[in-house]
Amino acid sequence: MTAPLAVVYHEEMLQHQPPGLEPGMRDYHARQLRARLGELVASGLWRHPERPERLSSLVERARELDDGRLLWLAPERADEPTVRRAHTGGHMQRLDKLRGRKRMLAIDSTAVSPGSVDAAFRAAGAVCTGVDAVFDGRAASAFALVRPPGHHASAAHYRGFCLINNVAVAAEHAKAVHGVERVLIVDWDIHHGNGTASIFAADPDVLFFDLHRAAPYYPGSGALEDVGQGRARGTNLNVPLPAETSDLAVLEAIDRILVPAARRFRPGLILVSAGFDGTSEHLACRFSRELYAHLTDRMQRLADELCHGRLVLALEGGYHLDPMREALAHCMRTLSEPGSELPPIRRSRIGLPAVREAADFLAGQSYLLQD
Ligand SMILES: [Zn+2]
């Protein structure tokens, strides 16, 4: 029997506990960051934002929503050859050396605790398990509740709280193990998925569509003009959004850019880098929590039309628990009750002109948007 939705989770991912900036931490980046954050750290107010409660709180919400039809899957850790498909040998060695260590790795507060590397391999394994479940028919779609997140990690570097690029590993896994020829990755996290973009910049078989708050917002990449390299030109579609962008603009970007490009591309699988940091509380844009129901519905319909419904979402960012829990609930309800009525969204038009400009520009740049 096929479950409407698999939820993939393992408690080992709570063992990633990025350290604060306690005085005992003397490595270079900890000292730099402590100096930069000053009073906030001195007064004990700073906590690492990528904390275990982000995930435990979502898992608790998912359990509340379970009416007995959810399929809960506990993933294995991804093995080394699986992760190696998206990462360099050097990166694998670096991760290996970080096992059991507590360190601040970068000025953007990417950090590890003793359990972080195993947690990262478990997170990558979770997204692969979600892919397996939609291919072997155990579930119609899957949501991998994971951390550490992945979309800022490039083939050779950790960055932005990300150690392993979970979605990139899963895309390569789908190609290698399930024979998928083309994968669509949609990244609706509010930060540009610079790691994913770089890993697939020259791969014509991965269409990467990324909605994000425009530079100079972190990580500062994701320009409209970056449309992919060489034979992959046209398969990297960025939609940089101005501050305060709200629901109508986001849906316009999906309908005018993503949908026609995806139809032309004909993916065998859709992966979503599902960050929940677009909500107003996160101060980058002004997505409503209800928007995530509409986004999920658009993804589900595309998957039904193009790839036998094969859709796998993976958690990326999101740091305020209440809006994340509600956004997740909207995604899960949409996936487990297809065809149900969608909640109303904000009617704000902020961001619409930028999206229309992006659509016109990309129509001239990508073969996927030309007749
Ligand atoms: Zn983010």
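**A helix pair and its surroundings**

Author: Happy to. With 371 residues, a compact globule would have a radius of gyration near 21 Å, and the protein has 19 Å, which agrees. Please keep in mind that this is a predicted model. The C-alpha trace spans about 60 × 45 × 40 Å along its principal axes, and the chain forms twelve helices and ten strands. Of the 371 residues, 53% count as buried. Among contacts between residues at least 6 apart in sequence, 79% join residues at least 24 apart.

Now to the helix pair. Two packed helices are described by the angle between their axes and the distance between the axes. Here the partners are helix H9, residues 247-265, and helix H10, residues 291-306. Their axes lie 11 Å apart, at an angle of about 10 degrees. Because an angle under 35 degrees counts as roughly parallel, H9 is roughly parallel to H10.

Which residues meet where H9 packs on H10? From H9 come Asp-247, Val-250, Leu-251, Ile-254, Val-259, Ala-262 and Arg-263. On the H10 side they meet Leu-291, His-294, Arg-298, Leu-302 and Leu-306. By class, this contact has eight nonpolar, one polar and three charged residues.

For the surroundings, let's turn to the strands. Strand E1, residues 3-8, pairs with strand E5, residues 139-144, in the parallel sense over five bridges. Within that pairing, Val-7 stands opposite Phe-143 in E5. E1 is also joined to strand E2, residues 71-73, by three bridges, and these two strands run parallel. There, Val-8 stands opposite Leu-73 in E2. As you look along these strands, recall that in a regular strand the side chains alternate between the two faces of the sheet.

One more stop is Met-92, which sits in helix H5, residues 89-98. His-157 is 65 residues from Met-92 along the chain, and their C-alpha atoms are separated by 9.7 Å.

How values were computed:
Residues are numbered from 1 along each chain as its sequence is written. This is a predicted model: local features need pLDDT of at least 70, side-chain atom pairs count only at pLDDT 80 or more; totals for chains, interfaces and linings use all residues. Helices (H or I, at least four residues) and strands (E, at least two) are DSSP runs, numbered from the N terminus. The radius of gyration is taken over C-alpha atoms; the globule rule is 2.2 Å times the number of residues to the power 0.38. A residue is buried if 20 or more other C-beta atoms lie within 10 Å of its own, exposed if 12 or fewer, and partly exposed in between; C-beta atoms are placed from the backbone. Two residues are in contact if their C-beta atoms, placed from the backbone, lie within 7 Å. Axes are lines fitted to C-alpha atoms, for helices over the stretch in contact, and angles run from 0 to 180 degrees between N-to-C directions. Angles under 35 degrees count as roughly parallel, over 145 as roughly antiparallel, 65 to 115 as roughly perpendicular and the rest as oblique. Ala, Val, Leu, Ile, Met, Phe, Trp, Tyr, Cys and Pro count as nonpolar, Asp, Glu, Lys and Arg as charged, and the others, Gly among them, as polar. Two strands pair if DSSP finds at least two bridges between them.
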